[in-house]
Amino acid sequence: MSFRFLRWYGLRLLTACGVAGLLAACQHDLSAPSAPQDPTTFSSIQANILTPRCVNAGCHPGGNAPMSLAAGAAYNNLVNVNSATYGKPRVSPGNPNNSVLYLKLIGDNSIGGSAGRMPPGQPALSVSAIQAVRDWIAKGAPND
């Protein structure tokens, strides 16, 4: 082998390794980043508020509870359904201030005040959780 051949072969090999290294360095995770879940959707409210704080706490699991707030039943038990106790809709789409659910979360005086605040016997929901419920009702309480 001549020195000229080794030099030609060596340069080609070096170039190929350089290109391969650049390609490897440019690889990115091409999977789409997951978008943060909108806290004002019903599915988010179900997963983050109703199930852990109302269903799993044992107050509204279904069966003998005043109403089930379990996934698959909650929406139909809340939206456009009048509360026999308070004479107001449990959720009045577009009107959180006339919705028993929201009024119970804030402990409104028209439906029992702080003594009637939900969830009973537990710390109040966070301000952001209550705001999410309010915003969901205000935007028409869609089943999203």
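This note sets out the main features of a predicted model in numbered points.

1. Overall make-up. The protein chain contains five helices and zero strands. Read from the N terminus, the order of its elements is therefore α-α-α-α-α. Of the 144 residues in the protein chain, 34% are buried. Among contacts with a separation of 6 or more, 44% are between residues 24 or more positions apart.

2. In soluble globular proteins, nonpolar side chains tend to be buried together. The largest nonpolar core of this model has 27 residues, and those with the most contacts inside it are Leu50, Leu69, Leu78, Val91 and Trp136. Two or more residues of this core come from each of α2 (42-55), α3 (74-78), α4 (100-106) and α5 (127-138). The element that gives the most is α2, with six residues.

3. The surroundings of Val91. Which residues does Val91 contact, leaving aside its neighbours within four places in sequence? The contacts are Leu78, Val79, Asn80, Ser99, Leu101, Trp136, Ile137 and Ala141. Two of these partners, Leu78 and Trp136, are also listed with Val91 among the core residues that have the most contacts inside the core.

4. Ser68. This residue is placed in the loop between α2 and α3. Is Ser68 buried or exposed? Its relative accessibility is 14%, and the cut-off for a buried residue is under 20%, so Ser68 counts as buried. The side chain of Ser68 reaches the backbone nitrogen of Ala70 at 3.1 Å. Leaving aside its neighbours within four places in sequence, Ser68 is in contact with His60, Pro61, Gly62, Ala73, Ala74 and Asn77.

5. Salt bridges. Side chains of opposite charge can pair when their charged atoms come close. How many salt bridges does a search of the whole structure find? The search finds two. One joins the side chains of Lys139 and Asp38, at 3.7 Å from N to O. This pair links distant parts of the chain, since Lys139 is in the segment after α5 and Asp38 is in the loop between α1 (3-25) and α2, 101 residues apart. Lys139 also forms a salt bridge with Asp144, where the closest N and O atoms are 3.8 Å apart.

6. A residue is partly exposed when its relative accessible area lies between the 20% limit for buried and the 50% limit for exposed. Lys139 has a relative accessible area of 40%, so this residue is partly exposed. Asp38, at 35% relative accessibility, counts as partly exposed, and Asp144, with a relative accessible area of 34%, is partly exposed as well.

7. The largest pocket. The volume of the largest pocket is about 380 Å³. Its lining has 21 residues, of which His60, Met67, Val100, Lys104 and Met118 are the closest to the centre of the pocket. Both α2 and α4 supply at least two residues of the lining. Which element gives the largest share of the lining? That share comes from α4, with four residues. His60, one of the residues closest to the pocket centre, is also a contact of Ser68.

Technical notes. Residues are numbered from 1 along each chain as its sequence is written. This is a predicted model: local features need pLDDT of at least 70, side-chain atom pairs count only at pLDDT 80 or more; totals for chains, interfaces and linings use all residues. Side-chain values use heavy atoms; hydrogens and water are left out. A nonpolar core is a set of buried Ala, Val, Leu, Ile, Met, Phe, Trp, Tyr and Cys residues joined through side-chain atoms within 4.5 Å. Buried means under 20% relative accessible area, exposed over 50%, partly exposed in between (1.4 Å probe, protein chains only). Contact means heavy atoms within 4.5 Å. A polar contact is a pair of N or O atoms within 3.5 Å; within protein, one must be able to donate a hydrogen and the other to accept it, and residues adjacent in sequence count only if both atoms are side-chain atoms. A salt bridge is a side-chain nitrogen of Lys or Arg within 4 Å of a carboxyl oxygen of Asp or Glu. On a 1 Å grid over the protein atoms alone, a cavity is a set of points where a 1.4 Å probe fits but cannot get out, and a pocket is an open set with protein on both sides within 12 Å along at least five of seven lines; lining residues have an atom within 4 Å of a point. Grid points are joined across faces, edges and corners, and a volume is the space filled by probe spheres set on the points.
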